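Visitor: Could you take me through one part of this model up close? I'd like to hear about the charged side chains.

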Amino acid sequence: MPHSHKPAKKAHYMKFPRYRRFKNPPGGIKRKFSLYRRLFFFMRRLFYLPPTLPESFVVPSQEALLTYYHLEEENTITWLGHSTFLIKLNGKTILTDPFLTSHASPIPGVGPKRFSPPGLPIADLPRIDMLVVSHDHYDHCDARTIAHLPNKSDIQVVVPLRLGKLFRKYGYKKKQIHELDWYETWSHEDITIRALPAYHYSKRHLFTHNTSLWAAFSIHNHQKKLYFSGDTGYGTLFPELGDNFGPFDYALLSIGSYEPPDFMLAGHLSPEQAVQVGIDLRAKTLVAMHWGTLILSDEPPLEPPLRFYHAAQMAQIPYHGIWILNIGETRKL
């Protein structure tokens, strides 16, 4: 059963007559809403052309698969694109924010289209032991991916509050779905997963704005401790998280979707802010994610890792502490 590191802070939701709406913790950036700007922003994205990818950017799927299984006895991390990772800890495989299909949308063939293939197709995934999902957006919680994962009936699912019913809909067992409030934990054998607060929002359909929670996660066993940011903006909570739950061996940090800043930075990190989060959390190694897969904002699609690397250098983070993986690449933890 979930349990808390400290009493859960209940200020993050507001009760309405029929349902609960969640809200962000204090100390974040307020979104400047403009209907005209929003419509113009999304219309403009329809005409973007996919970038030309560097030749080595995507590891061929068979090579990626061979490397993964060659290291299957090790603790490893494999980037499959966007915010989707395979994390191997003590022989258990954890899949984060599953999005392995062509479009991040409720309608097949419509919506943001990935311009780089996933590191592994769904059919080639290894047996998944745990699924960790940060929030309900389709680029993090893709219906077609979660519906077709292998060994679905055996997967332990860890999600924020009120997101569990989506997984029950797709055939996951109720007793294996674990909804966590911020600061609550769930443990399996020697792996502990803790939901942590983040600055973002949830909205899967037109009338579900903030009706489920969003979260970052701490994932750790007796050897390694990882932070998975999901989607988040920057705010004052990160030094507190570093003091209470750090240091981390690895921080998996969102570095893309930051332009235009007045619209995007309320719920996403710039590359420079991602480095600052890593510093706040006292992370030894910063791992880039949430870039190189979809066009969701106005910055050049391949700009985020350049700014991330430069910001990390300026912060005097050593070269071995900056991980910018190719899609499909596996590294030892």
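Visitor: Is Arg-307 buried, exposed or partly exposed, and at what relative accessibility?

Guide: Arg-307 counts as partly exposed, because its relative accessibility is 25%; buried means under 20% relative accessible area, exposed over 50%, and partly exposed is in between (1.4 Å probe, protein chains only). A quick word on the ground rules: this is a predicted model, where local features need pLDDT of at least 70, side-chain atom pairs count only at pLDDT 80 or more, and totals for chains, interfaces and linings use all residues. Residues are numbered from 1 along each chain as its sequence is written, and side-chain values use heavy atoms, with hydrogens and water left out.

Back to Arg-307: its side chain meets that of Glu-272 in a salt bridge, 2.8 Å from N to O. (A salt bridge here is a side-chain nitrogen of Lys or Arg within 4 Å of a carboxyl oxygen of Asp or Glu.) Glu-272 sits in helix H7 (residues 271–280) and Arg-307 in helix H8 (residues 304–314), so the pair ties together parts that are 35 residues apart in sequence. Helices are DSSP runs of H or I with at least four residues, numbered from the N terminus. Glu-272 is partly exposed too, at 33% relative accessible area.

Arg-307 also has a salt bridge with Glu-303, at 3.3 Å from N to O, and Glu-303 is partly exposed at 23% relative accessibility. Put together, Glu-272, Glu-303 and Arg-307 are linked in a network of salt bridges.

For contrast, look at Asp-142, which is buried at 0% relative accessibility. Asp-142 forms a salt bridge with Arg-144, with the closest N and O atoms 3.9 Å apart. The count by this rule comes to 8 salt bridges.

Methods:
Helices (H or I, at least four residues) and strands (E, at least two) are DSSP runs, numbered from the N terminus.
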